[in-house]
Amino acid sequence: MTEVLNQLFIGGAWVDAADGATMPVDDPATGEILCHVADAGPKDAKLAEEAAVQAQREWARTAPRARSEILRRAYEIIIERTDELAHLMTSEMGKPLAEAKGEVAYAAEFFRWFSEEAVRIDGGCATLPDGRNRMLLSRRPVGPCLLITPWNFPLAMGTRKIGPAIAAGCTMILKPAPQTPLSSLALAGILKEAGLPDGVLNIVTTSRAGEVCEPLLRGGRIRKLSFTGSTGVGRILLAQCADTVVRTSMELGGNAPFIVFDDADLDVAVDGAMVAKMRNMGEACTAANRFFVHRSVAEEFGRRLAERMGALVVGPGTRDGVDVGPLIDRTGRGKVEELVADAVERGARVLVGGRTPEGPGCFYPPTVLTDVSAESRLMDTEIFGPVAAILTFDDEDEVLSRANDTQWGLVGYVFTQGLDRGLRVSEGLEVGMVGLNTGLVSNPAAPFGGVKQSGLGREGGRVGIDEFLEYQYVAVPVR
Ligand code: NAP
């Protein structure tokens with residue numbers, strides 16, 4: 001493994017926090033401290049802001065091809081270093097190495113995708129309806145951005161924002177989650193190596209998110225916030241952005257319904273459930289949270305899912321053959337334990353799992369609950385752990401209205417062999433994304449995002465770059 005970067009990255013230089021503060025990064029598989037990183041305060045945030053503001057003008061003028069090539073080089077470096085980046089991610093976040101390698105490829109793909117989009121920023125020229133006036137339409141970078149990311153996909157949540165910001169010509173400050181700063185710092189090192197000019201990307205690791213970010217959002221120099229995290233924090237940040245009318249993109253929480261109809265291919269549905277539930281140990285905004293299974297197939301579906309979940313190997317993500325790593329920390333695991341206890345108290349049966357193992361690390365076993373009451377807390381709380389909660393339904397209208405009965409609307413999954421029904425139910429779900437007979441929707445080429453309180457805007461796809469661009473229209477009368 002190469003040297004672990006642990007300082008702030010400001011104006012192209014690696015620096016300590018102004019007051020010399022540091023914070024620990026833990027290994028969730030052992031509970032031991034891996035290393036310390038700089039713990040920035042408001043002073044450091046100001047320096048990062050100054051660097052981003054100073055670099056903005058020149059960076060906006062850079063040729064799109066130059067921006068594209070930096071992203072392309074960074075993509076190639078990430079792919080070359082897949083193994084070491086995956087090890088770093090597993091050590092700070094816990095996911096098994098195979099999944100970490102998958103995330104490295106997914107993360108890199110955002111750079112390749114946006115390297116291709118950087119040179120396709122369009123504009124236009126049109127004759128207006130009066131026949132005399134012309135309209136010149138161009139697209140410009142929004143300006144300096146603040147990017148805030150969660151811990152669950154330490155590399156991909158960064159590249160999904162940094163990629164389009166670079167492609168659009170924006171400078172930025174990235175504040176990663178305190179649990180997983182190392183992947184973001186490694187990314188900064190890679191982008192520097194790929195030729196990114198000083199000040200375009202600045203990274204501020206901190207344990208004092210509010211103190212560091214609020215002055216930036218209220219200061220009037222940051223023009224855009226792109227946030228991925230919980231709906232609760234998203235609301236706070238939206239309020240902070242309101243005073244200075246900062247543009248926002250919000251990728252927030254989910255409460256995904258996973259619907260299995262009586263005509264579903266159960267092998268396909270169980271395969272889909274394993275991905276939709278167990279990707280990232282269930283610590284994903286896209287994780288299936290509520291399994292609605294038609295009464296006539298619920299028992300068989302539950303039996304097969306419990307068999308597959310029970311066969312998974314739980315252990316440290318770096319160990320060969322491990323399928324399920326630890327949860328991020330004791331708080332995260334405690335929440336899962338409480339949700340399961342609440343469901344069981346309200347009558348749920350545990351088909352497999354449900355018991356926290358002894359010993360160090362934040363492990364929790366793959367768990368399947370059936371006969372779950374609609375009153376259980378996990379019905380309107382993101383479980384964020386390897387727990388599948390099964391409820392039954394009798395007909396299509398009923399399941400649609402129950403699936404939509406939530407403040408969230410990120411993703412839903414539908415399993416049926418009927419094309420009509422599949423499309424009808426997909427269209428009836430109040431969500432931004434649907435997996436129809438699949439448990440995986442994430443793809444850099446697709447617009448990722450939610451409706452209702454799951455967010456505003458989209459990341460990835462052809463529209464991902466739009467979040468970092470403004471239109472400017474020039475009126476030209478022709479006499
Ligand atoms: P979180 O608690 O909302 O934190 C997300 C980020 O926001 C972290 O970097 C956090 O830093 C920071 N933050 C918290 N309070 C802040 C404040 N007042 N000002 C500025 N920054 C602040 O979420 P999480 O536990 O890290 O991640 C899990 C959540 O993310 C889930 O709800 C999940 O669904 C969601 N998520 C959504 C998507 C999506 O694309 N829709 C993708 C992945 C995850 P601190 O930890 O230091 O507070």
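Helices of at least four residues and strands of at least two are DSSP runs, numbered from the N terminus. I use those names throughout these notes. The model I am reading is predicted.

**Entry 1: helix α8**

I began with helix α8, which spans residues 231-243. Which of its residues are buried? I found T231, G234, L237, Q240 and C241. Next I looked up what covers them.

**Entry 2: just past α8**

I then followed the chain out of the helix. V245 comes after α8. I placed V245 in the loop between α8 and β11. I checked its backbone angle. Phi of V245 is positive, near 50°, and V245 is not a glycine. I noted this since most residues other than glycine have a negative phi. Is V245 buried or exposed? V245 counts as exposed, because its relative accessibility is 62% and the cut-off for exposed is over 50%.

**Entry 3: another positive phi**

I looked up N437 as well. N437 is not a glycine, yet its phi is positive, about 65°. N437 lies in the loop between β19 (433-436) and β20 (451-452). Its relative accessible area is 33%, so I put N437 down as partly exposed.

Where does the ligand sit? I found the ligand in the largest pocket. Which elements give two or more residues to the shell around it? They are α5, α7, β10 and α8. α7 gives the most, with three residues.

I then went down to single residues. There are 29 residues around the ligand. T149, R160, S230, L252 and E382 come nearest.

- For T149, a backbone N or O atom lies 2.8 Å from a ligand oxygen.
- For E251, an N or O atom of the side chain is 3.4 Å from a ligand oxygen.
- For E382, a polar side-chain atom lies 2.5 Å from a ligand oxygen.

I also looked up how much of the ligand is covered. The ligand taken alone exposes 900 Å², and the protein buries 86% of that.

**Entry 4: K161 in α5**

α5 is among the elements in the ligand shell, and I picked one of its residues. K161 sits in helix α5, residues 156-168. Is K161 buried or exposed? K161 counts as buried, because its relative accessibility is 0% and buried means under 20%. I set aside neighbours within four places in sequence and listed the contacts of K161. They are L147, I148, T149, S226, F227, T228, E459 and F468.

**Entry 5: N280**

My last stop was N280. N280 is in the loop between α9 (266-278) and β13 (288-294). With a relative accessible area of 0%, N280 is buried. Which residues does N280 contact, leaving aside those within four places in sequence? I found M93, K95, E99, N152 and F153. I also checked one distance from N280. Its C-alpha atom and that of G163 are separated by 22 Å. Along the chain, N280 and G163 are 117 residues apart.

Conventions
Residues are numbered from 1 along each chain as its sequence is written. This is a predicted model: local features need pLDDT of at least 70, side-chain atom pairs count only at pLDDT 80 or more; totals for chains, interfaces and linings use all residues. Side-chain values use heavy atoms; hydrogens and water are left out. Buried means under 20% relative accessible area, exposed over 50%, partly exposed in between (1.4 Å probe, protein chains only). Contact means heavy atoms within 4.5 Å. A residue is near a molecule or strand if one of its heavy atoms lies within 4 Å of it. A polar contact is a pair of N or O atoms within 3.5 Å; within protein, one must be able to donate a hydrogen and the other to accept it, and residues adjacent in sequence count only if both atoms are side-chain atoms. Accessible areas come from the Shrake-Rupley method with a 1.4 Å probe; for residues, only the protein chains shown count as cover. On a 1 Å grid over the protein atoms alone, a cavity is a set of points where a 1.4 Å probe fits but cannot get out, and a pocket is an open set with protein on both sides within 12 Å along at least five of seven lines; lining residues have an atom within 4 Å of a point. A molecule sits in a cavity or pocket if more than half of its atoms lie within 2 Å of its grid points.
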